Amino acid sequence: MSKISVKELCVISIMACIEAVMFTMFSQVLYLEGITLTVLLFACVFQCRTAFLAAVVYGFVNMVFHGITPWTMMYLLIYPVYTLIVCGCKRWISHRVVLWAMLCGFLSFLTGQLLQLPFLLVSKTVTAIYLLTGLKTSLIQGCLSAVLCFLLFQPLRDVLERIERRLNV
């Protein structure tokens with residue numbers, strides 16, 4: 001792995017902070033979450049390594065804010081993996097906003113479901129109950145994230161691409 005420049009380290013830190021702010025800000029609104037869209041946009045615009053490291057740093061920042069629990073550890077796993085998925089897909093999806101919205105909605109839905117997995121530490125039955133009862137919430141969250149992405153993806157992508165060109169990270 002090549003060395004990280006100070007410039008890239010600063011960009012990674014700023015991206016991780018933006019992810020933390022988006023997570024905190026949107027968690028105040030029921031069913032609406034902006035972190036998946038943010039992670040998707042960063043992975044779409046910036047180099048994969050930069051976006052991945054920002055998602056990892058965000059995972060640790062989230063643990064600092066909310067404590068070290070199985071659920072906060074899931075964020076350390078989920079968003080870096082989402083970053084890798086988006087980095088792998090971005091060449092094929094390109095500028096198709098509808099596909100980006102569908103991917104964002106699916107990943108947002110999946111987040112709601114994956115965050116129930118730590119209940120396996122309690123029991124399989126409890127986990128199954130939480131997965132089933134959380135299904136409605138995850139479906140609504142996924143649909144709202146897809147709509148949010150459909151409406152905001154291209155304008156935000158344009159702004160981030162201009163920033164990325166100026167930074168040249």
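User: In which hand does α1 pass α3?

Analyst: A crossing counts as left-handed if the near helix is turned anticlockwise from the far one by less than a right angle, and right-handed if clockwise. Here α1 passes α3 in a right-handed crossing. A word on the source: this is a predicted model, where local features need pLDDT of at least 70 and side-chain atom pairs count only at pLDDT 80 or more, while totals for chains, interfaces and linings use all residues. Residues are numbered from 1 along each chain as its sequence is written, and side-chain values use heavy atoms, with hydrogens and water left out.

User: At what angle do the axes of α1 and α3 cross?

Analyst: Two packed helices are described by the angle between their axes and the distance between the axes. Axes are lines fitted to C-alpha atoms, for helices over the stretch in contact, and angles run from 0 to 180 degrees between N-to-C directions. Helices are DSSP runs (H or I, at least four residues), numbered from the N terminus. For α1 (residues 6-26) and α3 (residues 48-66), the axes cross at roughly 50° and come within 8 Å. That makes α1 oblique to α3; angles under 35 degrees are roughly parallel, over 145 roughly antiparallel, 65 to 115 roughly perpendicular, and the rest oblique.

User: And how do α2 and α4 cross?

Analyst: The axes of α2 (residues 35-45) and α4 (residues 70-93) come within 8 Å and cross at roughly 45°, so α2 and α4 are oblique to each other. The crossing of α2 over α4 is right-handed. Contact means heavy atoms within 4.5 Å; on the α2 side, Val39 and Leu40 are among the residues involved, and on the α4 side, Tyr79 and Tyr82 are among them.

User: What about α5 and α6, at what angle do they pack?

Analyst: About 150°, with the axes of α5 (residues 97-114) and α6 7 Å apart. That makes α5 roughly antiparallel to α6, and α5 passes α6 in a right-handed crossing.

User: Where does α6 kink?

Analyst: The bend at a residue is the angle between axes fitted to the seven residues ending there and the seven starting there. In α6 (residues 124-167), a kink of about 50° lies at leucine 152, shortly before proline 155. Just after α6, asparagine 168 takes a positive phi of about 55°.

Terms used:
Helices (H or I, at least four residues) and strands (E, at least two) are DSSP runs, numbered from the N terminus. The expected span of a helix is 1.5 Å times one less than its number of residues.
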